[in-house]
Amino acid sequence: MVASASHCPFVANRVTDKLTQVTDRIYCCRSGSAADTQTVAGIVRYNLQLLSVEMDEPPLVKTAATLFRKYCYDYREQLSAGIICAGWDQRNGGQVYTIPLGGMYLRQPYSIGGSGSTYIYGYCDAHFREGMSKGECIDFVKNSLSLAMSRDGSSGGVIRIACIEKDGVERTVYTGKDIPQFYTK
């Protein structure tokens, strides 16, 4: 997913953090209008906090994705919001849901979105495989985002990764020389 905050065709901040914590084990990756996606993420976070207190257990990733879908669909005419919702829960383990513009949702083994995604569908289709190790997954994501950033002028200048597992979340930021380069200028 692209890591930039944009306003109309103007990119206001290419290194903004569009990877947003929703619960301890659920994050969303936001694309579209920064204001719209921040608002939707905040509303979903609030609803999941209430649900967690009411149920006396952490919410399911599917529940979070369903809430994102509901708000993105109900306000599809007013919002520019694409969301990738991912996380880990006791019932289903690790999960990834995509909620594109318009509010549909779909569980997938991986998801890409944002303006840079159009450049990397072929790469992702060719290089993703089930059962990758954590290190292989990190390399897959770093390479995918690096390729998107090298072609899309609106994509961010850093790579932010969150590894969400049963034991917690590990966040990493890659900058400068830590970002893979596939060609020289």
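# Close-up views of the predicted model

**View 1. Phe 128 counts as partly exposed because its relative accessibility is 21%.** Buried denotes under 20% relative accessible area and exposed over 50%, with partly exposed in between (1.4 Å probe, protein chains only). This is a predicted model, in which local features need pLDDT of at least 70 and side-chain atom pairs count only at pLDDT 80 or more, while totals for chains, interfaces and linings use all residues. Residues are numbered from 1 along each chain as its sequence is written, and side-chain values use heavy atoms, with hydrogens and water left out.

**View 2. Ring pairs join Tyr 110, Tyr 123, Phe 128 and Phe 140 into a cluster.** Rings of Phe, Tyr and Trp (its six-membered ring) pair if their centres lie within 6.5 Å; planes under 30 degrees apart are stacked, over 60 edge-to-face, and the rest tilted. Five aromatic pairs are counted by this rule. Tyr 110 and Phe 128 make a tilted pair, with 4.5 Å from centre to centre and 40° between the planes. Tyr 110 belongs to the loop between strand 7 and helix 3, and Phe 128 to the loop between helix 3 and helix 4 (134–151), so this pair ties together parts 18 residues apart in sequence. Helices (H or I, at least four residues) and strands (E, at least two) are DSSP runs numbered from the N terminus. The pair of Tyr 123 and Phe 140 is stacked, because the ring centres are 6.4 Å apart and the planes are at 15°. Tyr 123 in helix 3 and Phe 140 in helix 4 are 17 residues apart, and their pair links distant parts of the chain. Both Tyr 123 and Phe 140 are buried.

**View 3. Ile 120 lies in the loop between strand 7 (106–108) and helix 3 (121–127).** Ile 120 counts as buried because its relative accessibility is 3%. Apart from neighbours within four places in sequence, Ile 120 is in contact (heavy atoms within 4.5 Å) with Ile 112, Ser 144, Leu 147 and Ala 148.

**View 4. Helix 1 (residues 34–55) has 22 residues and spans 31 Å from its first C-alpha to its last.** This is close to the 32 Å expected at 1.5 Å a residue. The buried residues of helix 1 are Ala 34, Asp 36, Thr 37, Val 40, Ala 41, Val 44 and Leu 48. Seen down the helix axis, they fall within an arc of 150°, so they line one face of helix 1; the arc is that of the directions from the axis to the C-beta atoms. The face turned away from the buried side carries the exposed residues Val 53 and Glu 54.

**View 5. The buried residues of helix 2 are Val 61, Ala 64, Ala 65, Leu 67, Phe 68, Tyr 71 and Cys 72.** They cover an arc of only 160° around the axis, which puts them on the same side of helix 2. Their cover includes strand 3 (19–23), strand 4 (26–32), helix 1, strand 5 (81–89) and strand 6 (93–99).

**View 6. The largest nonpolar core has 19 residues.** Such a core is a set of buried Ala, Val, Leu, Ile, Met, Phe, Trp, Tyr and Cys residues joined through side-chain atoms within 4.5 Å. Val 22, Val 44, Phe 68, Ile 83, Cys 85 and Ile 99 have the most contacts inside this core. Helix 2 provides the largest share, seven residues. Apart from neighbours within four places in sequence, Val 22 is in contact with Tyr 27, Cys 28, Val 44, Arg 45, Leu 48 and Phe 68.

Definitions and conventions:
The expected span of a helix is 1.5 Å times one less than its number of residues.
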